[in-house]
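Work through the exercises below with the sequence and the 3D view open. Try each task before you read its solution.

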Amino acid sequence: MGERGSGKALVMSKRDLGAFVRHLAASYTLLAPIDEGGVTRFAAAGADDIRGSGDLESAPALSKRPLKEIFFPQEEVLFTFDAGGKVEVAASAAPVDEVTRVAFGVRPCDARSLTLLDLVFDAADYKDPYYVSRRRSTAVVTFACPEPGVACFCTSVGGGPYDETGSDLMFAEAGEAYLVRPLSAKGEGLLRGFDAVREAGDADLAAAREAEAKAATRVAGNVPVDAAVSKLAGAFGDAAWDDVHRKCLGCAVCTYLCPTCHCFDIGDEATRAGGERVRNWDSCMFPLFTLHASGHNPRPSRKERFRQRIMHKFNYFVENNGRVACVGCGRCVENCPVNLDVRKVLEAFAAL
Amino acid sequence: MGQATIRDTGVNPYVPYLAMITQITRETEANDVKTFRVEFRDPSAWERFRYMPGQFAEVSVFGVGEAPISITSSPTQRGYLEFSVKKIGRVTTALHYSPEGTIIGVRGPYGNTFPVADMQGKDIIFIGGGIGLAPLRSLINYVLSDEHRGEFGQVRIIYGARSSGDLVFKAELERWGARADIDQVVTIDRPEEGWTGRVGFVPAVLKEVAPRPDGAVAVTCGPPIMIKFVLSTLTELGFAPEQVVTTLEMRMKCGVGKCGRCNIGSKYVCRDGPVFTYRQLLDMPQEY
């Protein structure tokens, strides 16, 4: 194959997708949605672990657990220390200079979420070396969503089933083939040495456009996010909070499964000879999250904690970064045990 | 493979410098507040640990965890850091059981600083309650240092605690009180046998002392209830919200604006604070 410019469309037969996965697996650590007892999550996978292996014809559906955990794991060791306090930093924080991992079978909402997490962990003032190293060593291979799910509302938060934000290589269905678009140097690198692609012709592009137009209309939710964002700016003290949180159990599944939630706890695990400083996902839905040692808690009830979650995503994050911290993946909607639907909450505030 | 060249990720913000506790001072009669003087084991740490009054550090007791503690020493005191710590949670209790010679972790400095540049040429009124004097002490000693005393006007200190046994930095209070260029009032909540100083709550004493707001800045820290009444008393005395500065506490983990718990509205106390003017607080949600 000759030179390819970023974004230049190529075509790969669906039959060759399995071969491409094996091509990737030969050079990179593959991270793909793996079924673990009924829960799909991104984890290290062999080429054959990916559904269908040799005759693979489509990417897996949106994983139950979000993509973030391959960059910001639920639990990780930051460093170890011995009894004298001698510190050894985890290898995961070491600077990296090459792409060694491929996240394969990512959906556009999850790819987009990475660009929001970057604003936190790869910020101008303090960089999180664990996240940054994993991010830089990983190429993201995304599959557009021809059939969005019932809880999806990506189009309401600036994304879409064909959104390319955060992806390095994008696959989109075009009839019996995939339109394959390298979006970065990382994405181009993945195609190097794989010959079963050709440049896209007009017919391929037309087929892809048709699928794309159809997909956009299938995203059911049309959530008034902009209106909600503008109302929330003055709604901290609004009586509406007394109502909207009532069903909430404070279980935190919405934050754990959210691809953009980034809150964490840091603590020590002591051993006889020293110990580890570990980081774990944490959640604003828990009372301990903000409890002072004195007993004072600035967010003492579920009302304040629920407000924090909504305000952080749709007001505070917007004020600090200019973007809503939501990609419309619908995981919080689908997994809430009491059907507390963030879309309805946003509608309620938009209507104030 | 390998097209993306990755820059050095730089300093790891989660890894503390190692420091040794070199001196422990018991501050209160109940022994629930101690001041820990610490020195970095690697003196080159000072090149990165340049702080100003108002900033804090994450202090580690290895095997127990970390807690955010304000730096009570002044940057004009070189070669060591001091932290005054109340024994109240897991980490602070473990610190209280750590003898001199213990190696602890210190990372930072974090947060903003007292607006020292804005205070130049102005009179400064320090209003502290209990261990709330700890963050103020850094600024007091900075202002009183030979290097900087000339940059500021009159200095007034109003400090109170529940009882004489709860007053911290007693030796220093005596030194400050003896200086001709400082007007200092120390008060306790209730009368005690042998106590010759003032009696009364800090806001009431502040009202009696009635500092003039012209060309002045008030800096306050103490229990939340004290701060609340100090703010209203200062307003009564004619201080504009811009002339009043305080410093807040929050539960924190990372100290660098990522772990998500110390925010008040869109402001992270660890990064945008801990020092705020009363003006800023009025514009923030009342959630602290």
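**Exercise 1: Confidence in chain A**

In chain A, confidence is lowest in helix α5 (residues 202-218) of chain A, with a mean of 87, and highest in α2(A), at 98. pLDDT is the predictor's confidence in each residue, from 0 to 100. Helices (H or I, at least four residues) and strands (E, at least two) are DSSP runs, numbered from the N terminus. This is a predicted model: local features need pLDDT of at least 70, side-chain atom pairs count only at pLDDT 80 or more, and totals for chains, interfaces and linings use all residues. Residues are numbered from 1 along each chain as its sequence is written, while chains are lettered from A and ligands numbered from 1 in the order in which they are written.

Task: find where pLDDT stays under 50 in chain A.

Solution. 
1. Start with the average. Chain A has a mean pLDDT of 91, and 95% of the residues score at least 70.
2. Now go to residues 1-5 of chain A. Here pLDDT stays under 50. The model has four contacts beyond four places in sequence for this stretch. Two residues are in contact if their C-beta atoms, placed from the backbone, lie within 7 Å.
3. Read with care. Where pLDDT is low, the predicted coordinates should not be read in detail.

**Exercise 2: Where chain A touches chain B**

Task: state which element gives the most to the side of chain A that touches chain B.

Solution. 
1. Count the residues. The contact joins 49 residues of chain A and 40 residues of chain B.
2. List elements of chain A that give two or more residues. Among them are β4 (75-82), α2 (108-121), β11 (264-271) and α9 (302-321).
3. Pick the top one. β11(A) gives the most, with six residues.

**Exercise 3: The build of chain B**

Task: say how many helices and strands chain B has, and what share of its residues is buried.

Solution. 
1. Count elements. Chain B has eight helices and 15 strands.
2. Find the share. Buried residues (20 or more other C-beta atoms within 10 Å of their own, C-beta atoms placed from the backbone) make up 50% of the 288 residues in chain B.

How values were computed
A residue is buried if 20 or more other C-beta atoms lie within 10 Å of its own, exposed if 12 or fewer, and partly exposed in between; C-beta atoms are placed from the backbone.
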